[in-house]
Amino acid sequence: MVEKQHETSTQRPDYVLEVKNLKQYFPIKAGLMQRVVGYVKAVDGISFAIERGKTMGLVGESGCGKTTVGKTILRLNQKTSGEVIFNGKEIFSLDKNELRSLRPKMQIIFQDPYSSLSPRLPVSEIIGEAVKEHSIVPDSEYDNHLDHIMKSCGLEPYHKDRYPHEFSGGQRQRICIARALALNPDFVVCDEPVSALDVSIQAQIINLLKDLQDKFSLTYLFISHDLSVVEHISDNVGVMYLGDLVEYGSKIHIFKNPLHPYTQALLSAAPVPDPSAKMNRIILEGSIPSPANPPAGCKFHTRCREVMEICKSVPPQVREVEPGHKVVCHLYN
């Protein structure tokens with residue numbers, strides 16, 4: 001295992017994170033004995049890599065498994081199978097002490113800033129609690145470290161003694177961002193960090209994340225259902241449907257030349273700020289199948305307007321249609 005990890009790190013030094021065939025199944029229990037009668041296939045064998053200092057956007061409908069991917073990468077969930085390699089180390093092979101030393105380097109910003117902040121702690125303890133726990137800086141530099149991080153996130157030092165309920169939604173999200181950055185991370189999972197905010201505040205937070213990325217050399221996994229936000233902040237984009245990554249490529253590939261019928265439908269639903277523009281909306285028929293009982297063959301065939309007979313029985317394979325642009329669809333065999 002050590003040799004394998006070392007080989008991976010040597011071969012791809014520019015990638016901070018590599019995910020290989022990751023699966024996350026949750027058991028379904030029933031009956032008096034609570035026996036396992038099935039599994040919810042929340043993440044069903046996805047693979048991708050994120051280059052150091054870049055942002056990967058992960059998009060898809062609600063319930064497709066985006067947040068589960070982020071939590072499993074951080075080992076907040078135990079994987080079913082697959083590999084998650086962070087800085088050359090397979091994180092699920094680490095023991096308790098090794099994982100603890102790695103924790104500060106992998107952080108998350110949650111969707112709802114208010115529910116992710118303790119109402120009983122002032123801002124100084126919310127941001128600084130983990131800093132003390134992991135001894136990020138010496139005690140003599142602790143206050144200066146907090147002041148620096150707070151100012152970088154648009155907060156003032158006098159905010160230290162205030163509590164979360166005294167702040168607006170945008171300020172609370174800045175506190176969440178400061179809490180993550182205070183540990184000097186390399187990689188941050190942004191789990192829909194602006195979806196709970198007003199539109200006027202969303203742009204401020206997105207621009208803040210971009211500025212912090214440049215300042216601290218951060219790598220992001222940006223999870224969102226807002227395609228305009230993803231297009232603005234991402235370098236690469238992955239499109240998820242029912243636990244599968246159906247298309248992956250650079251931002252230009254995905255938004256200028258979408259290949260998968262599902263990606264095309266998502267982009268057609270994105271609003272255009274031009275009242276005279278003609279919208280060629282693609283309407284998806286039906287509802288998303290259950291991840292506990294997905295369709296045979298291609299999971300999207302029950303809603304696809306391009307469906308063929310082979311789609312109903314044979315799962316499609318990954319095809320690299322152009323360099324760096326991959327799609328999972330029988331149309332490109």
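## Sheet, helix and spaces

F86 stands opposite K89 in β5, where strands are DSSP runs of E with at least two residues and helices are runs of H or I with at least four, both numbered from the N terminus. This is a predicted model, in which local features need pLDDT of at least 70 and side-chain atom pairs count only at pLDDT 80 or more, while totals for chains, interfaces and linings use all residues. Residues are numbered from 1 along each chain as its sequence is written, and side-chain values use heavy atoms, with hydrogens and water left out.

Strand β4 (residues 81-86) is joined to β5 by two bridges, and these strands run antiparallel; two strands count as paired if DSSP finds at least two bridges between them. Both belong to an open sheet of four strands in the order β2-β1-β4-β5, with antiparallel pairing. Its edge strands, β2 (35-51) and β5 (89-90), each pair on one side only.

Turning to helix α7 (residues 199-216), its 18 residues should span 26 Å at 1.5 Å a residue, and its end C-alpha atoms are 26 Å apart, which agrees; the expected span is 1.5 Å times one less than the number of residues. Its buried residues (under 20% relative accessible area, with exposed meaning over 50% and partly exposed in between, for a 1.4 Å probe and protein chains only) are Q202, I205, I206, L208, L209, L212 and Q213. Because they cover an arc of only 160° around the axis, they lie on the same side of α7, the arc being that of the directions from the helix axis to the C-beta atoms. The face turned away from this buried side carries the exposed residues S200, D211 and D214. The buried residues of α7 pack against several elements, among them β3 (55-59), α5 (142-152) and α6 (169-181), with contact meaning heavy atoms within 4.5 Å. Just after α7, S217 takes a positive phi of about 55°.

What volume does the largest pocket have? It is about 900 Å³, a pocket being an open set of points on a 1 Å grid over the protein atoms alone, with protein on both sides within 12 Å along at least five of seven lines, and lining residues having an atom within 4 Å of a point. Grid points are joined across faces, edges and corners, and a volume is the space filled by probe spheres set on the points. Of the 41 residues that line the largest pocket, I46, S47, L245, V318 and V328 are the closest to its centre. Strand β2 gives the most to this lining, with eight residues.

Notes
1 Å grid on protein atoms, 1.4 Å probe; cavity = no way out; pocket = protein on both sides within 12 Å on 5 of 7 lines; lining within 4 Å.
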